[in-house]
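I am opening a notebook page on this structure and will write down what I look up, one topic at a time.

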There are 2 protein chains.
Amino acid sequence: MQLDALLAVARGDEPADLVLRNARLVNVFSGAIEETEIAVFAGRVAGIGAGYQAAHSIDLRGAFVAPGLIDAHVHIESSLCMPAQFARGVLPHGVTTAVVDPHEIANVAGAAGVGFMAAASRGLPLEVVVMAPSCVPATHMETNGARLDAAELRDLLDEGVVHGLAEVMNFPGVINGSRDVLDKLAAFAERKQDGHAPGLTGKPLNAYVAAGIGSEHECTTVAEAAEKLARGLYILIRQATNAQNLRPLLPLVNASNNRRICFCTDDRIPGDILDEGSIDFMVRTAIAHGIDPITALRMATLNPAEWFGLHDRGAIAPGRRADFVICDDLQDFHVRQVYAGGRLVAADGLLLPAVELPAPAIPPQVGSSVNVAWDRVDFRVPAHGRRMRVIGALENQLVTEERLLDALVVDGAAVADPKRDLLKMAVIDRHTASGSQGLGFIQGFGLQRGALAGTVAHDHHNLVVIGADDASMWAAARAVADMRGGIAVADGDAVRARLPLPVAGLMSDRPIDEVRRAYDALIAAAAHLGSPLHDPFMAMSFMALEVIPKLKLTDQGLVDVEQFKIVDLFVG
Amino acid sequence: MQLDALLAVARGDEPADLVLRNARLVNVFSGAIEETEIAVFAGRVAGIGAGYQAAHSIDLRGAFVAPGLIDAHVHIESSLCMPAQFARGVLPHGVTTAVVDPHEIANVAGAAGVGFMAAASRGLPLEVVVMAPSCVPATHMETNGARLDAAELRDLLDEGVVHGLAEVMNFPGVINGSRDVLDKLAAFAERKQDGHAPGLTGKPLNAYVAAGIGSEHECTTVAEAAEKLARGLYILIRQATNAQNLRPLLPLVNASNNRRICFCTDDRIPGDILDEGSIDFMVRTAIAHGIDPITALRMATLNPAEWFGLHDRGAIAPGRRADFVICDDLQDFHVRQVYAGGRLVAADGLLLPAVELPAPAIPPQVGSSVNVAWDRVDFRVPAHGRRMRVIGALENQLVTEERLLDALVVDGAAVADPKRDLLKMAVIDRHTASGSQGLGFIQGFGLQRGALAGTVAHDHHNLVVIGADDASMWAAARAVADMRGGIAVADGDAVRARLPLPVAGLMSDRPIDEVRRAYDALIAAAAHLGSPLHDPFMAMSFMALEVIPKLKLTDQGLVDVEQFKIVDLFVG
């Protein structure tokens, strides 16, 4: 965009591309509704007020025009879709900017994965602001696909790929001043650094903030959020598929502190995006909770723009991006139309057919990410004892319990015992074909027979399998590998449902509605095999995450997270 | 500061330098008052909360601790003091950061002058954030001491001397897309750009904002400020010596828009700083007007920190600068003590004696700035007509009137006529010794005899003289030159009062209280000669400013500002 040309339109000397007339502009600066006109040129707002001429003019008949919504923190990979199809999902809900952390693909493909996500986001009507994954790998007790040290992160910054540092999950490393963590913070000292420190309080919280971390999206209670806000962290209230903090945290919001509060979705599966929405759902819910609409919208627009220093958006004002949400009623806030960069891109819940969603070719580092040493895979668990440490999964929670249970031993091997909901679990290195694998047992998945397998397993995203018998586990695991990554349900030799995720083993290359149908079919297949969980695959994807207590399984073995070490399966 | 060491203190593993106990912390994030303790280390806040050990601990007995105040826009030169003595003036009033525009010295000494102000600010307990003067010279209708084009401004940015672009006064140039102005904006595209556009509204305002300007401190009415705020400009409410916008603009402030409002002083003479205060006076006045204290303080702390991206201050939080204002009552807000960088620097209105105020040597470009071709100076005005264009000065206003009056002619020359308050005025190039001089007549200064002269004359800061007779004008002008710049009052051959300003002809090298006494003596001397103005020197300093209507005098001659051209003295 030439500034000269924009100025000529702003002055009224040249016609705008578009004028929205009879608009009720939601002014997030003043907090007022303005009945006015909005002139757009070259994707930007040129002017506000009467008297602009334009090639194209639309009478909004008094509809509200709010700034495009900003998702302050989201992992696109959790939508199981590429950025273009994520955009198809969220744009109709008014999200025009997503601040993304490509943490999942970074664990698979490193800087190449981050670069791929940035490339796959270019040219989309959704603005994707990429943050640098700060903690790859999560710990030393796993095999993952890549390591991102401070130098590589700085390269991503220097190359203009990333805007800041994404959620710094290694909060003990920050607090204790670990050299590698401080190096990463130093590389981003002039940039925004998002936090992730569930439950942190008091002195350790002071240290975390003193290090330069500026936001937090892991709060679960008002007390926790209030303390973190008072120490200077922006609070990003999260409403994910699995972590639903919105309603518990809305009582935090008041007239005096709301400028420091934003909304984010973190992780949402396609069905939630398509049925419930995204940031628009959070705005709606906040308004229904009694928060005034302009405050609710500020948390979705101006506030995240200020936190991230994205001063070209977050408000409708001259020179800013012409990203608009049109709705007829601020109280129910149902998004009727969405403009991105001055262009109408979605209406009545659907992307307009004319909108192109370019998707790049998938490079080999990203497209051939499943590398398993099958000759070394062995699901047999020799019974080296009688009592075992068993992972106790809890529905809708990432934390697990450690349960000490008697093994069911057959032919000298511990086996699954579906009558006690005791299933076998395996985590297999799928990055380096090292043959590294961890074996254990888990309760809470409820399968009476068959097995689930998938390559979505936070954060290392190894091949994880949970099953009632070894044959089903083999079938499910091989099905996943045959798809170059994905999720599968098997019953004996038969594969009952599958969702290919050939992009890093994390994302589909298909349209979001197709992904959603396949995912629904997976859930139905698991239910048919006895699982009572509403989403056993999301649940499974966190059973290998060795940074969240208490007992988890990686390819290195069982991890006691509180002790932060590998422990034996058998205790006696 | 080593981050490792700060983290160790924050964690509680190492003692702090200082702990303030029994504090009532004014939390500008949450809007609440916290009864707590504040641990300080290496000039930063290390932690908030109980349980910190320290070498030194102070019981505040329940006093309030607010963040150090930020003056969002000020010309230090207007204090007639060097940065160190300006610091002596404002620190006891709680101002710990000043965002300064060295526009005056830049007009005298260019980039060297800007660099000098930055150098003279280093090592002070006052944090001085230097912005780049954007409009040097103001117009082509003057001779000034330097020209700063986009390339030189970019050099200042690259060298780390400046933080952003100071008030872009050439708003017609912005709006009309003048190449040289757009080049300057482009050089600072990633930085903050302060505005200055009195009265701008509607489409031209849209264009000004679209160009990237982000603030405005020239508003005089609530309606003007409300429109500019709604378009996205931060509103810096100003309370200068000559432009007092605070009370008229306080009704602008409400719960919904106050986050976009800051305080600034722009230009204050020493007496006002010492007697009335600075930003603290604005906070006090706002509270007295009924604005709640935390909102008032936010406009002086967090808001300017956010606008300028100064994320290491503006709030009391871990990692931020330990700049504190201590007071016993938030309603009257009298600053009792001031901490800057963790150190007690002022108490009970005075800088502590132990605080050093380093001042650099004055380089030749700055110290020998008065260069007049005396052999070409001639105050005689040949009577080329009968009626003259006369400048009509209005007390407390920068705008003037054009008055058409009959000349008093003696020996073929137009002369002053004190009976009609018609004085002669001269503006003499004092930068390049070119011999360029403008002559005219002015009403409103009231001298019955004698003359005033000074080298403070916005923006070019030439030698300006106003007098009742040529002998007095000569004596005053020569006295100023003999001091290498300054202000003088003469009566015939006798110099009645003088204030040397050898630093660029703008600033004294003496302590602020001494400067203040000399300035008071100048005003008394002018009053003795008949001037009814409360500050004839401030008034005189704006009579040569050819960007503010209607009629002004530069060394090039009389300027009709509305026509933006030089006009003849005689009209017939």
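In which strand is Ala413(B) found? I find Ala413(B) in strand E22 of chain B, residues 413-415, where strands (E, at least two residues) and helices (H or I, at least four) are DSSP runs numbered from the N terminus.

Before going on, I note that this is a predicted model, in which local features need pLDDT of at least 70 and side-chain atom pairs count only at pLDDT 80 or more, while totals for chains, interfaces and linings use all residues. Residues are numbered from 1 along each chain as its sequence is written, chains are lettered from A and ligands numbered from 1 in the order in which they are written, and side-chain values use heavy atoms, with hydrogens and water left out.

**Entry 1: around Ala413(B)**

I looked up the accessibility of Ala413(B) and found a relative accessible area of 5%, so this residue is buried (buried means under 20%, exposed over 50% and partly exposed in between, with a 1.4 Å probe and protein chains only). Leaving out residues up to four places away in sequence, I list Arg380(B), Val381(B), Pro382(B), Ala383(B) and Leu408(B) as the residues that Ala413(B) touches, contact meaning heavy atoms within 4.5 Å. Arg380(B) is 33 residues from Ala413(B) along the chain, yet their C-alpha atoms are separated by 6.5 Å.

**Entry 2: the two copies**

I then laid chain B on chain A, which takes a turn of 180° and a shift of 0.0 Å along the axis and gives an RMSD of 0.0 Å; the superposition is by least squares on the C-alpha atoms of residues with pLDDT of at least 70 in both copies. The two copies are thus related as by a two-fold rotation axis. Among the residues of chain B, Ala255(B) comes closest to that axis, with its C-alpha at 3.6 Å.

**Entry 3: where the chains meet**

I find 50 residues of chain B in contact with 50 residues of chain A. Because 100% of the interface residues of chain B are also interface residues in chain A, the copies meet through the same surface.

Between them the chains bury about 4000 Å², 50% of it on carbon and sulfur atoms, where buried area is the accessible area (1.4 Å probe) that two parts lose on being put together, summed over both. On the side of chain B, Phe29(B), Lys203(B) and Arg259(B) lose the most area to chain A, together 18% of what that side buries.

I also count eight salt bridges between the chains, each being a side-chain nitrogen of Lys or Arg within 4 Å of a carboxyl oxygen of Asp or Glu. One of them joins Arg259(B) to Glu306(A), with the closest N and O atoms 3.1 Å apart.

**Entry 4: helix H7 of chain B**

Which residues of H7(B) are buried? I list Leu205(B), Asn206(B), Ala207(B), Tyr208(B), Val209(B) and Ala210(B). These residues pack against elements of both chains, including helix H1 (3-11) of chain A and strand E9 (165-168) of chain B. After H7(B) comes Gly212(B), with a positive phi near 115°.

**Entry 5: backbone details in chain A**

Most residues other than glycine have a negative phi, and most peptide bonds are trans. I note a cis peptide bond between His458(A) and Asp459(A), with omega about -10°. Asp459(A) is in the loop between strand E25 (451-454) and strand E26 (463-467) of chain A. His461(A), in the loop between E25 and E26, has a positive phi of about 60° although it is not a glycine, and His461(A) is buried at 0% relative accessible area.
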